[in-house]
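Hello,

Here is the structure we spoke about. My notes on it follow below the display.

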Amino acid sequence: MKIVAVYNFKGGVGKTSTVVHLAALAARDGHRTLLWDLDPQAAASYVFRVESRQRVGARKLLAGERELAELVRETDWEHLALLPADLSFRKLDVALAEVKRPSERLAGLIRPLIREFDLLFFDCPPSLSLLAEAVFAMADLLVVPLVPAPLSLRALSQLHAELVRKGLGDLAVAPFLSMVDRRKSLHRDSSWLSLRSPYPLLETAIPYSTLVEEVTVRRQPVFAFAPASPPAVAYERLWAEVKGRL
Amino acid sequence: MAEAGRRSYRVRDEGEVERLLEALAGAFALGPRRRLARRRQLFDTYDRRLLAEGRLLFREAGAGKGSLELTHEEGRSEVRLAEAAEPGLIAEMPPGRLREALATTVADRRLLPLVAIEERGFALALLDERGKTVARLAVVGRRAEAGEGKPARLARRAVLEPLRGYEGESEAAASALGAILATPAEGFRAEIDEALVATGQPLVPPSPKVEVPLDPAEPVVAAAGRMVGELTRVLVALEPGTRKALDPEFLHDFRVALRRLRSLVREVERVAPGHGVKRLRSELGAIAGRTGPCRDFDVLAADLAGHAAEMPAWAAEGLAILDHHVALRRAEAQREVAAALASGRWRRLLAALDHFARRAAATAAPEAAPIGEVARRRLAKAQRRFAREAEALGTHPAPEALHALRITGKRYRYLLELFAPLFPRPSLAPLVDELKQVQDLLGRANDFAVQGEKLRQLAAEAAHSAPRALAAGMAVGYLLARLESARGDLTRPLARALERLAKPAQRRRAERLFGGSE
């Protein structure tokens, strides 16, 4: 099972839209895909109409009293399952802080699912926390959406520094431009960002589009209701690039 | 990624479909109908090892290469490759989870297309009150296709696929379907069995080790007729795979069936000459003769592959040359097999076997003694002859003596297997097991002798035609030394196995089972 984490500790950059589309496209291509919605806002769970039916509790999970597999629920999309956001996941950070080797404990939770799924996507909460660190330690690829703005570049540089500091300097990181609005000059020419980025940017840029906003209204990925639209085409390209990195 | 618990129901007519949709609409909102058209091809080894374990390997054509999925009978997916080429030999598959999951079961057998199931119809989602899919339903017309045969129509089916995390809803849907449909829910296996039957394939893979139930009081010719009929059907079933060389084991099993038939016909000839059995025996011998060299090259090729890993570097180049020559000679021998099985002579033999089987099976009057009596007499004699030859071997037996004992043992073993249904299995099993051990060792010794001869021939060929004759000669030299050493290694285990077979307890067991002399 390959693990892809979609992350940015800066909020509002299109992180959930990215993970929703990458996971749905992977499933559409026939890969048995699991999306773990770790964001307490539960936006990915909302889009896929999956609600958590039972509160399990982060501590019980980490203590091995409950299995993560019990919480897996299939979405409307063939080959796509979801671990819905649970309010108790907010406490996963605290619970991880209480155990030894938190990264290994989180990896241990996932182990029983390794044979069932080909791909695991993490929708990470926008914070640089112990949970995020544990996810980074497991991930094969870290996908980072960036809005073309100086603060985004700063956040990426901070992430790079943090990964190096934590001994994760080898982690494959794939930043890409998200919510690109051609009306803005900073967005039209983003070469400055590419030049200063600590990681090479993926070639695909996701355009700003009201269609992407509609995803949460229609509760479907954009390719399902506007397959030929620019964002749908862009997400296809992004998935192809991400797949190529795995 | 359908969860365990997939249910499939036979649907009789359109009215039933309407009624089941109405019933489901009472409990769920139904999503829009989506057209469904798919073709799934089931792969397995020639002896259906995956099906025996309750595992199904499906290939589904897609936009790209097509997917390959290993599932369990109840629908649980074990491994899925979104894009994969047709499976063949495990060694040729890309490394990864599917290869790992199949390796132990499939080993060095080739994965072959067993049957293709084409489905056309519609699918829809069963939705809960929030519009979330909680189960999927497909209603499909189906047909099956195997080999070069015509497609066969299968029963129309409604298939309910539960979704993980919504098991309660699936149960509710299953209850609604169960109340409407006349037939009970079935699993994947029932669908496969239906497709196999519809395409004229046996539910149990053809095996030369088929056991025909025997009544000891039955006239020997009538019983032999049924056995010949069964073994002929096995030959016919194995013939396409043997002719096309789909897997070396087809030829192996084909030849075992031939040998069993020859053995059986020989017995009939002894007790009831006539019936054209002499001619049958000589024709079976002719086919065995035309298929033998190919089998020898199969064994040699497998053994060379086994040697490759341990081959010193100085001999490795020569081994590659030998491999090439073996492949050429094997291809020649395979053409001979294909020609033999495409010949009118082979068709006439099959017709003659069939004729014998039907005429003999219908024999009412006891032309000779009942089969129970004949079997005991013949087995007693074969056992004594084998024991006598084994005792006479001495500590350093000549290769010719070992070869003669192997032939005698083979005849004894085939008789034991043919007549096995006449004896209590627990009593017969120790005799068969001990004999099998001896035969395996004798068989290996014989393989080494045959291979030595073939290697010398190949070396001579390579000396004439290959630019690297020296390398080939060095490899042959190395291999001959290994064969000789391996042959030497067999001496002690063979002596021990023969000792066990000669134990008074084994003899008494044989005497108790088979009684007095002929």
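Helix α6 of chain B

At 1.5 Å a residue, the 24 residues of helix α6 of chain B (residues 220-243) should span 34 Å, and the C-alpha atoms at its ends are 33 Å apart, so the two values agree. Please keep in mind that this is a predicted model.

The helix is not straight throughout: α6(B) bends by about 30° at A237(B). A proline, P240(B), follows that residue within four residues. After α6(B) comes A245(B), whose phi is positive, near 55°.

How much of α6(B) is buried? The helix is mostly covered, with 17 of its 24 residues buried, where buried means under 20% relative accessible area.

Chain B as a whole

Chain B contains 15 helices and nine strands. Along its principal axes, its C-alpha trace spans about 85 × 70 × 45 Å. The chain has 518 residues, and 51% of them count as buried.

As for contacts in chain B with a separation of 6 or more, 72% of them are accounted for by residues 24 or more positions apart.

On charge, chain B carries 85 positive and 70 negative side chains. The centres of these two sets lie 4 Å apart.

Regards

Key:
Residues numbered from 1 in each chain as written. Chains lettered and ligands numbered in written order. Predicted model: local features only at pLDDT ≥ 70, side-chain atom pairs only at ≥ 80, totals over all residues. Heavy atoms only, no water. Helix = DSSP H or I, 4+ residues; strand = E, 2+ residues; numbered from the N terminus. Expected span 1.5 Å × (residues − 1). Bend = angle between axes of the 7 residues up to and from the residue. Buried < 20%, exposed > 50% of the residue type's maximum accessible area, 1.4 Å probe, protein only. Contact = heavy atoms within 4.5 Å. Lys, Arg positive; Asp, Glu negative; His and termini not counted. Charge placed at Lys NZ, Arg CZ, Asp CG, Glu CD.
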